[in-house]
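The following exercises are to be worked with the sequence and the coordinates at hand. Each task is followed by a solution in steps.

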Amino acid sequence: MKFFIVLCTFTYSSISIAQNCTYTLTGYVIDLHDQETLTDAILSIEELGNTIKTNAKGKYTFDDLCNGATYTIRVSHPLCNTQTINVTINGDTERTINMEHHLEELGEISITGEAQKNGGKTAIESQVSNEAIQANSAGSLGDALNQLSGVSSLNTGNTVVKPVIQGLHSSRVILITEGTRLQDQEWGVEHAPNVDLNNAGSISVIKGAAGLQYGGDAVGGTIIVNPRRIPISDSLYGETLLTGVSNGRGGSVTTTLTKSYNSGWYGSIQGTIKRFGDFEAPDYILSNTGAFERNAAIRFGVNKYSYGVEASYSIYNNRLGILRSSHVGSAADLANAINSDRPLFIEDFTYDINPPRQEVKHQVARLNAYKSFDNIGKFSFQYDYQQNNRLEFDIRRDSEDVRPAIDLELSTHSATLDFDYTADNTIDAKIGLLARLQTNFPDPATGIRRLIPDYDRFDFGVYALASKTLEALTIEGGLRYDYNFIDAQKFYRTSFWEARGYDELFPELVVEDLGTQLLTNPEFTFHNISATAGVGYDFNDTYNITANYALSSRAPNPSELFSDGLHQSAARIELGDIRFDQETSNKISIALSRKSTQWSFTVAPFANYISDFILIEPTGSQQSLRGNFQVWEYRQTDARLLGVDIDNEFRVSEHISINNQLSVVKGQDTTLDLPLINIPPVNTTNRVTYTNKKWHNLKITAESYYAFRQNEFPDNNFEIFIVETDSNVLVDVSTPPEAYHLINLRGQLDFEVSNTSTLQVALAVTNLFDTSYRNYLNRQRFFADDLGRNVSLQLKINY
């Protein structure tokens, strides 16, 4: 008997040795549909009792496995259905594991773990927190983005908020919503993005031009607004969020309802209404600054593993008042308004929105589809149609004339075709094509010289991106080509045409000479090359460093080329120049990150060198039939932007955390050796947060925001001749306001209403001490203080 046991033991040992149990099983755990890698997925081999987690890149590795053996692997993730698979080892084996998100994430705008980066592996990318999205429900996209380091805003009052990324804005910042590049005449400094923040599932910001798949002209960066994810599950769920605010004496209500099926079919509807009266500074009412916004969106489709189709439609309606004091009559009034400490017009509170005001309607219809092929990749196609109608109302001399002073209709057709290579999870590769046709029609029925002319525009783009992961090292690169063609029809005053020297430079553009006016047909073609290259290295699970170089090219937008007249809602005369070339940016960015449960930080310096940089600056004033206005002219120069963004988070204890952000950017006109205009001042934000999940998920945040004085600025002051006094008066439009410090508070509690419904109550106060201040990047700082204290109450119910 003993001999038999010894023989069996020897035989088993021999077989084990013969099996050569020295092989590895590696792979990635990814989301079934959007190919995002999943961090902290738990994998265990039942036969061996081994348990591991995926790393920050979603990768797992099992060592010392036997060749030819079949193992049972159990895979789980907090947001996924647990699954069990069998894997047979054939030498060193690779196996990608697809997981399906389930109902646990319903009703919440939440992201758990590391989401796949939209701008590649080495781009500097940040995400807006879910709390910031909800907290700004009654505000705008720009308000929510201000929570990120390196992102500020260019304001026209308090309701028109335009994102600024590391000192750059407007056409240099691409906005992608549901895969569609927003075409909403973003060239205007007071043209806020026409996006309903409440329809966002997640918001990411790529700082710089690394997101080549979205466009090669993102000199400043790319903002990506993704819709809420809908799981494959038989369910009906929704949420409603009500917000009331004291400053503006209004509020908002937004609601979403989603139905999904196990078969993959789904549908969702969402709507928002916002209504505010005149807002208030600490010492007076900001007359004619109300807002009335109404939005709706619907999407439906089918989402399968191998294919999917989705159709969606959204409409955005917004009516915005422009501070009455920013529109004045005479030169003396303009000088007095800018040099005065108080607005010239202060009236009683009202919900009326009178001229000057703007009304914007933006519609997007979209159809996209994808088809996946095992061991190859995924093809995606999208067509979208956008129509943007912008009306700007001036204070007309004839009070019975209710026509808008500007009536622009922009229609855009776009089609994209993309291919994602997914056969090897150590390689990310993507190629794509874009075609876009755009028509702008300024209605001549306004009776006022058109600021932006009729034009047709055609864009074509092609790109390729790839990255390779080699254990701790990641390398990536990309290349893009864009073709832009503009065909315009524009009337020029003969005197202006000759004063600019266009008669000698572009005589062939004149179609018809009408004496005091010339009808011209400018046609421009631009060829733009963009590229990106980067490396990333993981020192360990805690420290990571990335370095990225991005080359981007941007063709001048129609405003920069053709502006010639009064821009009503900007309250200034703007002059473009058809001699402009395209901008070219060379940007280098580095990011050192530390991630741990106790202390996390990111330090991200950057250097951006831009040749043929186009800027607009004040050069004087001009009297017109509708009043006296500042004159702002576009010009082209070379520029340099240097800066650093720093994020710190300290976990003091189980309940207390401290967050710090610091943003520095320095802009220089290297041709004239002068500071650039409208560069954000140094600013820092500090937050202390207390959480107690055991007490109704209590969360209290105290925030300190400090904006330093901008000490580097160009001198664009000018003199105005005052007829009444027969003298010249200096108008100071350059000197920045003083530094200021704001304290904000927010607290929230969750209450269980039923097994499937929760109620969240949040109370917030901004500008707690009712501080009087003026923001350097708020264009209305010339005429009035910024907002005073605001108390808001939010009620959110999930069902």
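**Exercise 1. A charged surface patch**

Is Asp503 buried, partly exposed or exposed?

Solution. The model is a predicted one, in which local features need pLDDT of at least 70 and side-chain atom pairs count only at pLDDT 80 or more, whereas totals for chains, interfaces and linings use all residues. Residues are numbered from 1 along each chain as its sequence is written, and side-chain values use heavy atoms, with hydrogens and water left out.

Step 1. Apply the classes: buried means under 20% relative accessible area, exposed means over 50%, and partly exposed lies in between (1.4 Å probe, protein chains only). Accessible areas come from the Shrake-Rupley method with a 1.4 Å probe, and for residues only the protein chains shown count as cover.

Step 2. Asp503 has a relative accessible area of 34%, so this residue is partly exposed.

Step 3. Locate the residue. Asp503 belongs to helix H6; helices (H or I, at least four residues) and strands (E, at least two) are DSSP runs, numbered from the N terminus.

Step 4. Identify the patch. Glu498, Asp503, Glu504, Glu512 and Asp513 form a surface patch of negative charge. Patches are made of residues with over 30% relative accessible area and no salt bridge, with like charges joined within 9 Å and nonpolar side chains (Val, Leu, Ile, Met, Phe, Trp, Tyr) within 5 Å. Lys and Arg count as positive and Asp and Glu as negative, while His and the chain ends are not counted; the place of a charge is NZ of Lys, CZ of Arg, CG of Asp or CD of Glu.

Step 5. Assign the patch to elements: helix H6 (502–505) and strand E30 (510–513) each contribute at least two of its residues.

**Exercise 2. The disulfide**

Determine which cysteines are bonded, and describe the link.

Solution. 
Step 1. A disulfide is a covalent bond between the sulfur atoms of two cysteines. Here the criterion is a pair of cysteine sulfur atoms within 2.5 Å, and one disulfide is counted by this rule.

Step 2. The partners are Cys21 and Cys66, with sulfur atoms 1.7 Å apart. Cys21 is in the loop between helix H1 (2–19) and strand E1 (23–31), and Cys66 is in the loop between strand E4 (59–65) and strand E5 (70–77); the pair thus links distant parts of the chain, 45 residues apart.

Step 3. The link between Cys21 and Cys66 is right-handed, with 95° about the S-S bond.

Step 4. Cys21 has 25% relative accessibility and is therefore partly exposed, whereas Cys66 has 12% and is therefore buried.

**Exercise 3. Salt bridges**

Describe selected salt bridges and the surroundings of their partners.

Solution. 
Step 1. A salt bridge requires a side-chain nitrogen of Lys or Arg within 4 Å of a carboxyl oxygen of Asp or Glu. The structure holds 37 of them.

Step 2. Arg390 and Glu392 form a salt bridge with an N to O distance of 3.3 Å, and both residues are buried.

Step 3. Asp420 and Lys430 are paired at 3.9 Å, N to O. Asp420 is in strand E26 (residues 406–421) and Lys430 in strand E27 (residues 427–442), ten residues apart. Lys430 counts as buried because its relative accessibility is 17%.

Step 4. Asp459 and Arg436 are joined by a salt bridge whose closest N and O atoms are 3.5 Å apart. Asp459 is in strand E28 (residues 454–470) and Arg436 in strand E27, so the pair ties together parts 23 residues apart in sequence. Both Asp459 and Arg436 are buried.

Step 5. A network of salt bridges links Arg172, Arg554, Glu560 and Glu583.

**Exercise 4. Backbone geometry**

Solution. 
Step 1. The peptide bond from Pro355 to Pro356 is cis, with omega near 0°. Pro356 is in the loop between helix H4 (331–339) and strand E24 (357–373).

Step 2. Asp673, a residue other than glycine, has a positive phi near 55°. Asp673 is in the loop between strand E39 (656–669) and strand E40 (674–675), and its 57% relative accessibility makes this residue exposed.
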